[in-house]
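Please look at the structure shown below.

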Amino acid sequence: MAGSSGSGSAGGAVPEYEVPELHTRVLHVGSFGALWKQNLHGADLALQGAVAEDGAAAVAEDLGCGLETAAELRTVCRIRKKALERREETIIVDRTCRQETFTYEMESHATGKRPKDPANLIEEGELFLTLNIFYPVIFQKHKDHKPYQTVLVLGSQKLTELRDSISCVSDLQMGGEFSSHPDQAPEHISKDLYKSAFFYFEGVFYNDKRHPECRDLSRTIIEWSESHDRGYGNLQTAKMEDYTFNDLSIKIGFPYLFCHQGDCEHIIIITDIRLVHEDDCLDRTLYPLLIKKHWLWTRKCFVCKMYTARWVTNEDSLAPEDPCFFCDVCFRMLHYDAEGNKLGEFLAYPYVDPGTFN
């Protein structure tokens with residue numbers, strides 16, 4: 001629906017293809033939603049099902065059976081549903097079907113969920129945006145791969161809520177070399193130290209300025225663009241925390257940018273805009289909602305080939321490769337004696353495997 005062409009007469013509210021099969025012309029998200037609300041009836045926007053107050057009577061009418069039979073059927077179905085829920089809690093997943101189970105759970109874990117607190121119920125006419133988030137450009141191995149995250153966001157959500165929900169291994173990196181003191185836990189991870197980030201949508205850099213230590217990462221790009229009039233027009237900046245998705249002007253299917261940790265850049269593509277449906281997850285607190293995720297095989301320890309690597313060494317006199325990856329147990333057994341003294345010459349760094357988000 002969101003990708004159908006229009007006349008453009010609604011002032012940029014209706015998507016119109018600029019490049020066939022690639023992306024639309026610029027449209028304003030909030031105006032697009034308002035246009036839908038003007039042309040749809042209240043029943044089309046309603047999130048309440050068509051079941052009457054007397055559920056048994058509605059079932060009886062649909063099935064053409066008596067009230068007693070309908071009431072019995074509803075009772076049996078409720079019992080069956082509870083039994084299936086208990087079974088899902090204790091089911092053992094076979095190793096061979098783990099990836100398929102993972103994909104199914106991602107797609108269905110929040111379907112139809114309602115909030116316990118009515119205040120968290122999504123309002124009728126709310127917009128849903130589907131976003132594909134790609135691996136960082138610095139990950140050469142995955143630069144041509146399909147998105148590693150697909151999320152649903154609400155039009156009324158702030159950009160900062162999406163920023164906080166994006167999982168990236170760069171945020172978990174720990175600085176420092178620990179070969180002489182491997183038991184010394186790092187005080188901070190990168191996300192605690194470097195909180196600056198920005199989204200780029202249609203000529204505007206939306207910077208995260210929620211913390212005093214946040215820097216304007218877009219300033220260097222803007223100065224570079226303006227220094228020789230490179231044809232990018234008048235680039236602007238804004239605070240990420242002041243804008244919702246309804247405030248944005250975007251192209252559906254066009255690649256935009258999320259940058260954090262200084263140079264960790266993710267392509268973001270908005271693939272769909274639609275209205276909320278009664279079968280969607282209606283609990284506002286669960287959004288942005290992760291609905292798809294690329295499964296990554298974890299890097300195993302070079303020695304045991306069983307456990308996920310936790311250390312990476314360089315210039316290691318005891319290892320056949322440089323760099324070389326070890327689990328915690330093998331790393332300590334090979335590189336330290338019983339008293340914890342360092343053996344040989346090497347540099348050791350904590351390693352965070354991208355598969356940790358599986």
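Q: What do the buried residues of helix H9 pack against in this predicted model?
A: In this predicted model, the buried residues of H9 pack against strand E13 (311–314), strand E14 (324–326) and strand E15 (347–350). Packing here rests on contact, that is, on heavy atoms within 4.5 Å.

Q: Which residues of H9 are buried, and why are they said to line one face of the helix?
A: In H9 (residues 328–335), the buried residues are Cys330, Phe331 and His335. Seen down the axis of H9, these buried residues fall within an arc of 105°, and therefore they line one face of the helix. Val329 and Met333, on the other side of H9, are exposed.

Q: How does H9 lie relative to E13, E14 and E15?
A: H9 lies across E13, E14 and E15, and it runs at about 40° to E13.

Q: In what order do the three strands of this open sheet come, and is the pairing parallel or antiparallel?
A: The order is E14-E13-E15, and the pairing is antiparallel.

Q: Why is Ser179 called buried?
A: The cut-off for buried is under 20% relative accessible area. Ser179 has 1% relative accessibility, and therefore it counts as buried. Ser179 is placed in the loop between helix H6 (159–165) and helix H7 (190–193). Leaving aside neighbours within four places in sequence, Ser179 is in contact with Tyr336, Lys342, Phe346, Leu347 and Ala348.

Q: What makes the approach of the side chains of Ser179 and Lys342 a polar contact?
A: A polar contact needs a pair of N or O atoms within 3.5 Å, one able to donate a hydrogen and the other to accept it. The side chains of Ser179 and Lys342 make such a contact at 3.1 Å.

Q: Why is strand E4 described as largely enclosed by the rest of the structure?
A: Of the 10 residues of E4 (residues 127–136), 10 are buried, so the strand is largely enclosed.

Q: Which strands pair with E4, and how do you know?
A: Eight bridges join E4 to strand E11 (residues 264–275), in the antiparallel sense. E4 also pairs antiparallel with strand E5 (residues 149–154), over six bridges. Asn132 has Ile269 as its bridge partner in E11, while Leu129 has Val153 as its partner in E5.

Q: Why are the buried residues of helix H1 placed on the same side of the helix?
A: The buried residues of H1 (residues 29–39) are Val29, Phe32, Gly33 and Trp36. They cover an arc of only 95° around the axis, which puts them on the same side of H1. What covers them includes strand E3 (27–28), E4, strand E9 (249–250) and E11.

Q: How many residues has the largest nonpolar core, and which have the most contacts inside it?
A: This core has 36 residues, and those with the most contacts inside it are Leu131, Leu162, Phe199, Tyr206, Ile250 and Ile273. Among the elements that each supply at least two residues of the core are H1, E4, E5 and E11.

Key: Residues numbered from 1 in each chain as written. Predicted model: local features only at pLDDT ≥ 70, side-chain atom pairs only at ≥ 80, totals over all residues. Heavy atoms only, no water. Buried < 20%, exposed > 50% of the residue type's maximum accessible area, 1.4 Å probe, protein only. Helix = DSSP H or I, 4+ residues; strand = E, 2+ residues; numbered from the N terminus. Pairing = 2+ DSSP bridges. Arc of directions from axis to C-beta. Axes fitted to C-alpha atoms, helices over the stretch in contact; angles between N-to-C directions. Core = buried A, V, L, I, M, F, W, Y, C linked by side-chain atoms within 4.5 Å.
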